[in-house]
Amino acid sequence: MEKNLLHSPNTEGNVIDALLAEMVLDKALLDFRKETIQKKIDQSLRDKNKHEFLRLTEELKSIS
C-alpha cells in the first residue's frame, strides 16, 4: 500500500521544523558575516586604511 506523505499528520510539523531550522541557520550565518566584517573594520582602522573602512562599513550597512 502506497503511503501519501502529503496528507500524513507529520507533514505540517516537518515543514514548520524545516522552516525554523532554515531561519536559525540564516540568522547564524548573518551574525557570523557581520562579526567577520566588524573584525575587518577594526583592522582597517588599525591600519588607517580609509578606503577599506568605507567599503566595509557600506557592506555592513547593506546586510544590516
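E59 has a relative accessible area of 24% and is therefore partly exposed, a class that lies between buried (under 20% relative accessible area) and exposed (over 50%), as judged with a 1.4 Å probe on protein chains only. The model is predicted, so local features need pLDDT of at least 70 and side-chain atom pairs count only at pLDDT 80 or more, while totals for chains, interfaces and linings use all residues. Residues are numbered from 1 along each chain as its sequence is written, and side-chain values use heavy atoms, with hydrogens and water left out.

Helices here are DSSP runs of H or I with at least four residues, numbered from the N terminus. R33 is partly exposed, at 42% relative accessibility. Side chains of opposite charge can pair when their charged atoms come close.

E59 also forms a salt bridge with R55, where the closest N and O atoms are 3.3 Å apart. About one helical turn separates these two, because they are four residues apart in helix α2. R55 is partly exposed, with a relative accessible area of 39%. Together, R33, E52, R55 and E59 are linked in a network of salt bridges.

K61 and E58 are three residues apart in helix α2, which means about one helical turn between them. K61 is exposed at 55% relative accessibility, whereas E58 is partly exposed at 45%. The count of salt bridges comes to six.

What of helix α2 as a whole? The buried residues of α2 include L56, T57, L60 and I63. These four cover an arc of only 130° around the axis, so they sit on the same side of α2, the arc being that of the directions from the helix axis to the C-beta atoms. The face turned away from this buried side carries the exposed residues K50, H51, K61 and S62.

The C-alpha atoms of Q38 and L60 are separated by 7.8 Å, although the two residues are 22 residues apart along the chain.

M23, also placed in helix α1, is exposed at 55% relative accessibility. M23 forms a nonpolar surface patch with I16 and L20, and together they have about 300 Å² of accessible area. Patches are made of residues with over 30% relative accessible area and no salt bridge, with like charges joined within 9 Å and nonpolar side chains (Val, Leu, Ile, Met, Phe, Trp, Tyr) within 5 Å. Accessible areas come from the Shrake-Rupley method with a 1.4 Å probe, and for residues only the protein chains shown count as cover.

Terms used
Salt bridge = Lys/Arg side-chain N within 4 Å of Asp/Glu carboxyl O.
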